[in-house]
Amino acid sequence: MSKHLYNKAIKETEREADADVLVIGGGPSGAWAAITAAAKGARVILVDKGYCGTSGATAPSGTGVWYINPTPEEQEAAMKSREAMGGYLADRKWMLSVLNRTFSNVNLLDSWGYPFPLNDSGGKHRKSLQGPEYMRLMRKQVKKAGVTIWDHSPALELLKDEHGIGGAAGVVSATGNQWVVKAGAVIIASGGCAFLSKALGCNVLTGDGYLLAAEAGASLSGMEFSNAYAIAPVFSSVTKTAFYTWASFYHEDGTIVEGAGSQKGRSVIARTLQTEPVYARLDKTNEDMQKWMRKAQPNFFLPFDRLGINPFTDKFPITLRLEGTVRGTGGIHILNEKCETAIPGLYAAGDAATRQLICGGFTGGGSHNAAWAMSSGSFAGEAAGEYALNLGQNAAHRNVTGISSTPFTSKTDKNHQNNQVVKEVIKDVQAEVTPFEINLFRNVKNLKPSLQRLDSIWNDIRSGKLADVSNRVKARESAAMTATARWMYSSALERKETRGMHKRTDYKEQNPDFHYRLLTGGLDHICTRPEQNLLHREGVKG
Amino acid sequence: MIELISESKCISCGLCVSVCPTNVFEQKKGEVPVISRKDDCQTCFMCEVYCPVDAMYVSPNIEEEVIDENQIVQSGIMGSYRKELGWGKGRSSSAALDASYKMFRLMSKLPGH
Ligand SMILES: Cc1cc2nc3c(=O)[nH]c(=O)nc-3n(C[C@H](O)[C@H](O)[C@H](O)COP(=O)(O)OP(=O)(O)OC[C@H]3O[C@@H](n4cnc5c(N)ncnc54)[C@H](O)[C@@H]3O)c2cc1C
């Protein structure tokens with residue numbers, strides 16, 4: 001057992017490189033970050049656990065985008081529309097910056113050749129991006145910008161010295177060997193955490209970036225807003241939920257589940273699912289709608305077509321699949337519009353960073369996330385590029401060390417004999433975060449013992465439970481999920497009210513005394529505290 | 001879950017090995033890739049979309065299932081999603097037909113929006 005992954009003495013280092021900026025994650029936020037950093041003149045390396053272009057929540061799915069004409073009236077209406085749902089935790093200044101940046105980035109996509117559909121008068125509809133197409137284009141642009149891409153190269157550890165963050169180390173998936181990048185700045189764009197629930201594209205999203213940031217000493221913010229559950233057919237990974245707006249929900253005997261609905265009535269679905277199966281049918285559609293629905297989201301229909309189900313006329317069993325923070329809003333706390341963390345040289349963007357700044361405590365999808373990914377990615381890329389270029393010559397000779405908190409094995413046996421223990425940890429964490437009675441309908445009675453169990457899983461990991469696991473990526477993922485769950489429940493316990501997506505059955509009302517964002521952090525001892533009181537800000541109501 | 005790489009169709013280009021986000025495949029040089037870590041498949045369909053010769057089949061079922069290769073091949077289902085997306089030679093991207101704007105228009109008229 002050796003504590004850290006990065007070890008200068010190790011001979012098996014397969015790849016080693018210097019860069020100005022290292023981007024961890026190649027979803028939309030990482031891709032935009034890499035492109036904008038490179039445009040500043042920085043030498044950029046982007047590493048992805050999977051493959052930049054197919055990996056992450058956007059690529060297989062696709063996103064509506066918060067693309068709003070930059071007129072004061074339209075922007076005002078856009079900002080206002082979601083403030084109440086998010087529990088008034090968003091920040092208008094941030095929203096405006098994101099609206100403006102999203103507008104110009106989407107127009108850039110147009111100029112890069114993204115095939116936006118035309119409306120009747122020949123104008124373009126730019127409010128939706130098809131995942132595979134968008135991310136294929138982004139990969140092309142990342143390469144064109146001169147960025148070096150390392151696919152299948154998950155980052156497992158940050159490197160640091162007394163000046164701040166100076167790179168990262170990880171593993172080359174194909175060989176299990178180590179890679180090292182020394183960099184003047186690091187951008188964490190590794191997405192959220194969906195706890196390996198098999199929600200569409202989300203199994204690469206295990207909270208790795210949160211753990212990296214916390215080990216460096218950064219805080220997280222809004223981790224109580226982390227209990228997104230998406231509707232999906234029971235058998236399916238396709239957690240595309242928009243069309244369920246036009247669904248009816250049924251009991252086994254064919255009677256309607258009263259009050260069930262895609263948006264407001266999701267809790268009713270959850271309550272019903274606790275005791276019996278629930279079926280859906282998209283029967284509030286007409287023929288015209290059915291035609292364009294197929295064109296809007298071909299992937300929604302894919303599972304149905306393959307199983308011979310007609311979702312407009314047949315009832316099919318549904319479930320609520322956990323998407324955790326992916327369609328929640330919690331993440332790494334950033335200090336300003338440069339997307340800086342409190343640690344010099346460390347930046348965060350996309351789902352890895354908190355989205356409360358534009359969504360407050362609720363997103364559920366609906367275009368803000370995509371806007372956040374491309375905007376925060378760009379802000380972070382530009383700032384990190386400038387920061388790194390200002391470091392000057394000596395930056396390349398820093399004496400950095402690995403700072404992971406979870407021990408790694410130094411044996412890299414590719415057959416992964418001893419990985420049963422990882423499976424156990426994953427199962428144990430899932431048993432705490434998946435059940436509606438703990439994570440969706442929250443109360444102190446269930447959260448507290450759950451947090452205690454998670455703490456003990458964490459303590460075991462810290463004392464070496466996974467230290468002999470040859471699959472270091474999986475070991476690290478399960479540690480990150482454990483840590484994420486602990487920050488979630490610590491924050492959830494602290495917020496003794498109901499706000500945004502965070503629902504407490506023991507505190508059912510929104511309480512003005514809690515009108516602030518919650519910071520959390522720490523590894524063995526988790527510390528949770530209010531960020532700043534928003535109470536007296538103009539135009540903001542508790 | 002990924003259920004099939006058709007040996008008769010596969011050209012061993014290795015693209016599926018590269019694009020799979022969860023590293024499910026393993027390939028010996030010049031050979032047909034094998035599904036070596038099936039448990040890790042997240043049913044995202046990306047390998048199928050990228051396969052240039054429609055040699056792969058991802059079942060919509062997230063759990064493993066027994067399939068009949070002949071039946072799958074004959075059903076014409078292989079490559080159907082790639083075709084839907086308008087990917088491949090002689091096709092054009094169906095993103096240009098994306099009718100999501102009609103959905104947004106309807107949604108904005110619903111109560112609460
Ligand atoms: C089914 C579904 C539908 C959605 N629909 C919408 C919508 O309509 N509108 C909207 O606004 N949002 C939507 N979202 C949310 C949106 O997809 C995300 O907000 C967006 O993908 C975030 O981008 P990202 O780049 O931050 O993260 P991701 O796209 O998740 O990418 C993260 C990347 O980081 C990589 N990574 C992870 N860990 C590591 C590591 N340790 N080392 C290196 N790389 C790593 C992953 O492989 C991945 O490529 C949807 C999400 C889902 C799941």
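Predicted model: local features only at pLDDT ≥ 70, side-chain atom pairs only at ≥ 80, totals over all residues.
Residues are numbered from 1 along each chain as its sequence is written, chains are lettered from A and ligands numbered from 1 in the order in which they are written, and side-chain values use heavy atoms, with hydrogens and water left out.

Let's start with the sheet. In chain A, 4 strands make an open sheet with antiparallel pairing, in the order β10-β13-β12-β11. Strands here are DSSP runs of E with at least two residues, and helices are runs of H or I with at least four, both numbered from the N terminus; two strands pair if DSSP finds at least two bridges between them. At the edges of this sheet stand β10 (228–233) and β11 (248–250) of chain A, each with a single partner strand, so one side of each has no neighbour in the sheet. From one strand to the next, the twist averages 45° (axes are lines fitted to C-alpha atoms, and angles run from 0 to 180 degrees between N-to-C directions). Between β10(A) and β13 (residues 316–324) of chain A, which run antiparallel, there are 6 bridges. Look for A:Ala232, whose bridge partner in β13(A) is A:Thr319.

Now for the ligand. Around it sit 39 residues, and A:Asp48, A:Ser55, A:Thr58, A:Asp351 and A:Ala370 come nearest; a residue is near if one of its heavy atoms lies within 4 Å. The side chain of A:Asp48 has an N or O atom 2.6 Å from a ligand oxygen, and a polar side-chain atom of A:Thr58 also lies 2.6 Å from an oxygen atom of the ligand. With A:Gly64, a polar backbone atom is 2.9 Å from a ligand oxygen. The protein buries 98% of the 1000 Å² that the ligand exposes when taken alone (accessible areas by the Shrake-Rupley method, 1.4 Å probe). α1 (28–39), β3 (63–64) and α10 (368–391) of chain A are the elements giving two or more residues to the shell, and α10(A) gives the most, with 4 residues.

Chain B has 5 helices and 4 strands, running β-α-β-β-α-β-α-α-α from the N terminus on. Its radius of gyration is 17 Å, well over the 13 Å that the globule rule gives for 113 residues, so chain B is more spread out than a compact globule. That radius is taken over C-alpha atoms, and the rule is 2.2 Å times the number of residues to the power 0.38.

How values were computed:
Polar contact = N/O pair within 3.5 Å; in protein donor to acceptor, adjacent residues only side chain to side chain.
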